[in-house]
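Here is a short tour to read alongside the sequence and the coordinates. Keep the viewer open and follow along, section by section.

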Amino acid sequence: MIVRSAPRRRTSPERMLAYGVAVLLTLFMIVPLYLITIAAFAQRAAVFDYPRALFPTQVSLESVSFFLTTHGILPALERSLLVGLITVVLSLLLGCPAGYAIARYSFKGRDLAQLLLLSVRMFPALVLAIPLAVTFIEWRLFDTVWGVAFLHTAMSLPFTVLLSASVFVRVSGELEEAAMILGVSRVGAVLRVVLPLSVPGLAAAALFSFVLSWNEVFGALILTRQSATLPAQVVQALSVSPLPFRFAGGFALTAPAFVFIYFMRPYLFSAFRGVVGH
Amino acid sequence: MAEIRVENMTKSYPGGVVALTDVSLTVTDGEFMVLLGPSGCGKTTLLRLIAGFEVPDSGTVSIGGRDVTDEPPRRRGLAMVFQSYALFPHLKVFDNIAFGLRMHHTPRETLQSQVHQASELMEIQTLLGRYPSQLSGGQRQRVAVARALAMKADVILMDEPLSNLDALLRLQMRAELKRLLQEVQATTIYVTHDQVEALSMGDRIAVMRAGEILQVDGPMAVYDRPRDSFVAGFIGSPPMNLLEGEVSAEGVAVEGNTLALDEPDGLRPGDHVLVGIRAENLGVSRTRSSGALPGRVRVVEPLGSHLLVTIKVGNQQVKVTTPVDFGVHGDEDVWIMVKPGSVRLLPAMR
């Protein structure tokens, strides 16, 4: 006779621990954001309250509108969006072919190339930006949206290349071969078969690039004067700005990334769902 | 006309792996050619070179008289069924089958009729609206074949298409595929490691080993007259019995007993040879007859339709098939009779 133990009961404490840690981590992320949000939408006087009301009854758009109408903020917001989008497009356009090569072909120097790509991340943007500024001045890219976008692209390329490589690896090469027999070139096979199947993973790479660019402040600070991105603009004004401004600014800096992630969520979830191709 | 001609093809991979050595093969128009061999023999490499997925180190491929060695796969007029089916997961069954036709800009009505024709042939008309992930293994296989058939190509390549099916389904599909491909009349190259499949389906079989083609012949010729001991051992279940013997004036001596030889064939007394005899060409008896070999029964395996008896002859062993009611047991002394004309002489494996 086989005596069945109760596996569910046995893992319950472990499960509870896992849930507990997950909740704590979430709180760690959410609480500051929540506090910033309620402060950003609080009436001006309430911003200086201590302790702060956790569930404010009075909502005001004062601080946010003050922030948005401050000179230079809206243009900076636009520029951040623009830089982010350019970064995403360039990173994908340059990164995907490289990722495909790494995924499909074994060539001399493949491992070296990946190592070198990763090593770019070893340099802090601050350090890179200064000599870059000098070069950009010569190339007339200084203080332009494109200049910042190029820096951000360089910073996000290692991730795009390696992420897209890992995505392409999961799409079976046989699918391309089947397509090629049926009448397309390899490029056609990639466009019609590999890319549609890679959308979730590439969406994740796009998301990563956008958020990286949106949050990047030091490089942008050094490479711009008048055409600052939002983080750079806010940093410049930080020392002379009142508290409501800072909260509103904090909210404005984080909110768009959340919106972006919200739209990407379905693609991200299917990216984690398993092997494509069989 | 879709004759396939491979000439002097050599292919090796970085790291020193030699996949094919100076391989040549001609597949005549409409023929069903099977490439048969164990893993690593080069059969899949040869297929892939014919398909155009790889470029040979040297040698040429011609299809229908046209040299296609430098042509990409899409310009070779081929259709292919992969072992893992390679169905496009993001397309419905209809669109999978229609893919090739769409890429060739086939007009809508022709496309519709060809897709429907192919799906009727494979009996999957009801599945056209589904996605591959919603199909069983057997259904996916049918879609893969339908996709190839819809192209109405002159040449169909198949890479172990039945390997991923369970045994019963495999048997069914084998017969269906054979009938289908006979109807379609395309030149077919079929890769498999299963010798039963090869015998059952092929017009001719190319037996391969270690990058070379050992023999290209019809199924019965490969079965009955293998050219070397590898082929003899690979084809047929059980493999052909191979006994060491020495040529004498009267024939060939095996374990002290002489068997008559039909075609002495340039051999001289004293030569060492391998004697090949199929299990069904041997008979077992309890009484001695002239030319019979004495032996002792080791194992009796009842296989339903016949008995497979393993008999020790001197220091060697043979397998003999007998009728089911032949009541023989282990450790009995018996006599083995050889059917006249069934003795083959083979060179030893290299």
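## Chain B as a whole

Please keep in mind throughout that this is a predicted model. Chain B contains eight helices and 20 strands. Its C-alpha trace extends about 75 × 45 × 35 Å along the principal axes.

Chain B has 350 residues, and 40% of them count as buried. If you look at contacts in chain B with a separation of 6 or more, 64% of them are between residues 24 or more positions apart.

## Two domains in chain B

The domain assignment divides chain B into domain 1, covering 4-234, and domain 2, covering 241-346. Taken over C-alpha atoms, the centres of domain 1 and domain 2 of chain B are separated by 39 Å.

Where the two domains of chain B touch, six residues of domain 1 are in contact with five residues of domain 2. On the domain 1 side, the residues are two nonpolar, two polar and two charged.

## A hairpin in chain B

Now turn to strand 17 (residues 307-313) and strand 18 (residues 316-322) of chain B, which run antiparallel and are joined by seven bridges.

Strands 17 and 18 of chain B form a hairpin, with two residues between them. Within that turn, B:Gly314 has a positive phi of about 60 degrees.

## A helix pair in chain A

Over in chain A, helix 3 (residues 73-104) packs with helix 6 (residues 145-169) at an angle of about 35 degrees. The axes of these two helices of chain A are 6 Å apart, and the crossing of helix 3 and helix 6 of chain A is right-handed.

What kinds of residues make up the contact of helix 3 with helix 6 of chain A? They divide into 19 nonpolar, nine polar and two charged.

## Where the chains meet

The contact between the chains draws 16 residues from chain A and 19 residues from chain B. On the chain B side, strand 6 (78-81) and helix 2 (93-103) each supply at least two residues.

By residue class, the side of chain B that touches chain A comprises 14 nonpolar residues, four polar and one charged.

Key. Residues numbered from 1 in each chain as written. Chains lettered and ligands numbered in written order. Predicted model: local features only at pLDDT ≥ 70, side-chain atom pairs only at ≥ 80, totals over all residues. Contact = placed C-beta atoms within 7 Å. Helix = DSSP H or I, 4+ residues; strand = E, 2+ residues; numbered from the N terminus. Nonpolar A, V, L, I, M, F, W, Y, C, P; charged D, E, K, R; others polar. Domains from an automatic or database assignment. Pairing = 2+ DSSP bridges. Axes fitted to C-alpha atoms, helices over the stretch in contact; angles between N-to-C directions. Left-handed = near helix turned anticlockwise from the far one by under 90°. Buried ≥ 20, exposed ≤ 12 C-beta atoms within 10 Å, placed from the backbone.
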